[in-house]
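Please consult the sequence and structure shown here.

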Amino acid sequence: MRSMETPQQEPAAQPERSPFGAPEGTEWARVCRALAWYRRYVAGALCLAGGALGVLLALLWGSALWVMFWVVVAAVVFLACWVLAGVFQRSWGYVESESELYLTYGVFLRQLVVVPYGRMQVVDVTADLLEQALGIATVRVRTAASAADTRVVGLPLEEAVRLRGRLAARSESFSTGL
């Protein structure tokens, strides 16, 4: 004899939250793609300099085989840096919540940094010559504990200035009197 029970539906499974996910109800604001180009230019300059030095030393003390070795090593390192620059750029994200700034970044070593607005002491914007040429800047947040200092890299210059202003205003309104 068949049972007349109706099959019960199981509740919908909640998506599992990542330990490095954005706070509930928010999404990561991502940094500019120019950050990947910045890292690629820096890697290219370093690989070019390192490769040239290696080739020079190989020519002085070695043979043509060592010259080829240095050229191949420099090319492989540059290719790895080229690919990783995009991966690292996509790993950066930040969220301004009601009382804290959340920041996540890293590929090999993931990090989630939470900085309460009341602990912020100095918020500034910096850009070296290459960053200026690419139109990006870094917002640096300094706290009373130097180990908690952090930065948001690769922001378009205008957004970096606006973020600095918002963080400075929030840090004043949340000040803990330190």
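In which sense do strand β1 and strand β2 pair, and over how many bridges? Strand β1 (residues 29-30) and strand β2 (residues 93-96) pair in the antiparallel sense, over 2 bridges. This is a predicted model, in which local features need pLDDT of at least 70 and side-chain atom pairs count only at pLDDT 80 or more, while totals for chains, interfaces and linings use all residues. Residues are numbered from 1 along each chain as its sequence is written, and side-chain values use heavy atoms, with hydrogens and water left out.

**Strand pairing**
- Strands are DSSP runs (E, at least two residues), numbered from the N terminus, and two of them pair if DSSP finds at least two bridges between them.
- Arg30 stands opposite Gly93 in β2.
- β2 and β3 run antiparallel, joined by 4 bridges, and form a hairpin with 3 residues between them.
- Tyr94 stands opposite Leu103 in β3.

- Thr104, found in strand β3 (residues 100-105), is buried (under 20% relative accessible area, 1.4 Å probe, protein chains only), with a value of 0%.
- Its side chain makes a polar contact of 2.8 Å with the side chain of Arg110 and reaches the backbone oxygen of Gln111 at 3.0 Å; a polar contact is a pair of N or O atoms within 3.5 Å, one able to donate a hydrogen and the other to accept it, and residues adjacent in sequence count only if both atoms are side-chain atoms.

**Helix residue Leu57**
- Leu57 lies in helix α1 (residues 34-61); helices are DSSP runs of H or I, at least four residues.

Methods. Buried means under 20% relative accessible area, exposed over 50%, partly exposed in between (1.4 Å probe, protein chains only).
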